[in-house]
Amino acid sequence: MKLNGSAFFILFLVIQSFAILTVAKDFDFFYFVQQWPASYCDSRRGCCYPKTGKPAEDFSIHGLWPNYKDGSYPSNCDSSNPFDDSKVANLESVLQKQWPTLACPSGDGLKFWRHEWEKHGTCAESVFDERGYFEAALSLKKKANLLHALENAGIKPTDGKFHTMGQMKDAITKSVGYAPFIECNVDSSGYHQLYQVYQCVDASASNFIECPVFPHGRPCGNKVEFPSFSSASSHDEL
């Protein structure tokens with residue numbers, strides 16, 4: 001059967017539309033992950049403050065990760081679209097405050113951001129470009145305002161004071177509307193401390209949602225510390 005020009009064009013559009021829909025369904029939702037810097041630093045590996053100095057006592061972004069409802073996730077989806085720091089140049093000062101690196105040796109954040117974009121961001125190119133990826137994460141951090149949510153419930157960063165996991169989850173759920181997954185690590189004294197908070201976000205990276213599935217992070221006991229960042233230790237590497 002021969003196709004005339006008009007029929008061929010229509011067929012082409014149908015194929016393109018199907019391809020776009022297929023790409024758009026390459027993941028089901030996002031995990032938006034923030035970490036508590038004091039707990040990151042209070043671990044065996046310690047931490048190194050960024051070249052811009054010690055971050056503020058607030059949650060910082062770890063990443064925005066596309067995920068599937070079965071608990072698996074895509075990664076490193078487009079090697080032809082590597083991180084280009086020029087695309088986020090005028091966001092750098094904000095990223096350094098809201099998405100700082102604490103890895104050693106001290107850095108400017110570019111390596112961290114490159115890793116997050118290339119491993120996770122490239123798997124959501126149907127939603128945003130590189131700049132849009134970082135802007136979406138920054139917007140979600142502002143919307144979540146985790147520290148404010150916890151402090152409103154009387155949970156403030158304090159060494160040696162413990163809270164139940166239920167109290168922490170309830171505080172965030174009340175503020176955001178959906179239950180988070182809270183991951184803990186263990187300090188040198190063997191106490192569990194709040195380390196990371198996972199929140200689920202719809203496939204447009206715009207709204208928090210009920211988690212289709214929770215991640216397999218390190219669990220918390222019922223007695224959890226929310227340590228002060230002022231007491232966290234740092235290596236002196238520059």
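Helices and strands are DSSP runs, with at least four residues (H or I) for a helix and at least two (E) for a strand, numbered from the N terminus. The model used in these exercises is predicted.

**Exercise 1.** State how many helices and strands the chain has, and give their order.

Solution. Counting the runs gives 7 helices and 7 strands. Along the sequence they follow the pattern α-β-α-β-α-α-α-α-β-α-β-β-β-β.

**Exercise 2.** Determine how strand 1 (residues 29-35) is covered and which strands pair with it.

Solution. Step one is burial: 7 of the 7 residues of strand 1 are buried. Step two separates the faces. In a regular strand, side chains alternate between the two faces of the sheet. On one side of strand 1 lie Phe29, Tyr31, Val33 and Gln35, and on the other Phe30, Phe32 and Gln34, all of them buried. Step three is pairing. Strand 1 runs antiparallel to strand 2 (residues 60-67) over 7 bridges, with Val33 opposite Gly63. Strand 1 is also antiparallel to strand 5 (residues 192-201), over 6 bridges; there Gln34 has Val197 as its bridge partner.

**Exercise 3.** Classify Phe181 as buried or exposed, and list its contacts beyond four places in sequence.

Solution. Phe181 belongs to strand 4 (residues 181-186). The cut-off for buried is under 20% relative accessible area. Phe181 has 14%, so this residue is buried. Beyond four places in sequence, Phe181 touches Gln196, Val197, Tyr198, Phe214, Pro215 and Gly217. For Tyr198, the separation is 17 residues in sequence and 5.0 Å between C-alpha atoms.

**Exercise 4.** Classify the ring pairs Trp36–Phe59 and Tyr49–Phe229, and locate their members.

Solution. The count of aromatic pairs in the model is 18. For Trp36 and Phe59, the centres are 4.9 Å apart and the planes stand at 55°, so the pair is tilted. Trp36 lies in the loop between strand 1 and helix 2 (37-41), and Phe59 in the loop between helix 2 and strand 2, 23 residues apart. Trp36 is buried at 0% relative accessibility, and Phe59 is buried at 2%.

Tyr49 and Phe229 form an edge-to-face pair, with 6.0 Å between centres and 80° between planes. Tyr49 is in the loop between helix 2 and strand 2, while Phe229 is in the segment after strand 7 (223-225), 180 residues apart. Tyr49 is buried at 17% relative accessible area, as is Phe229 at 1%.

**Exercise 5.** Find which lysine lies over the face of Phe229.

Solution. Lys54 lies over that face, 4.7 Å from the ring centre of Phe229.

Note on methods
Residues numbered from 1 in each chain as written. Predicted model: local features only at pLDDT ≥ 70, side-chain atom pairs only at ≥ 80, totals over all residues. Heavy atoms only, no water. Buried < 20%, exposed > 50% of the residue type's maximum accessible area, 1.4 Å probe, protein only. Pairing = 2+ DSSP bridges. Contact = heavy atoms within 4.5 Å. Phe/Tyr/Trp six-rings, centres within 6.5 Å; stacked < 30°, edge-to-face > 60°. Lys NZ or Arg CZ within 6 Å of the ring centre and 35° of its normal.
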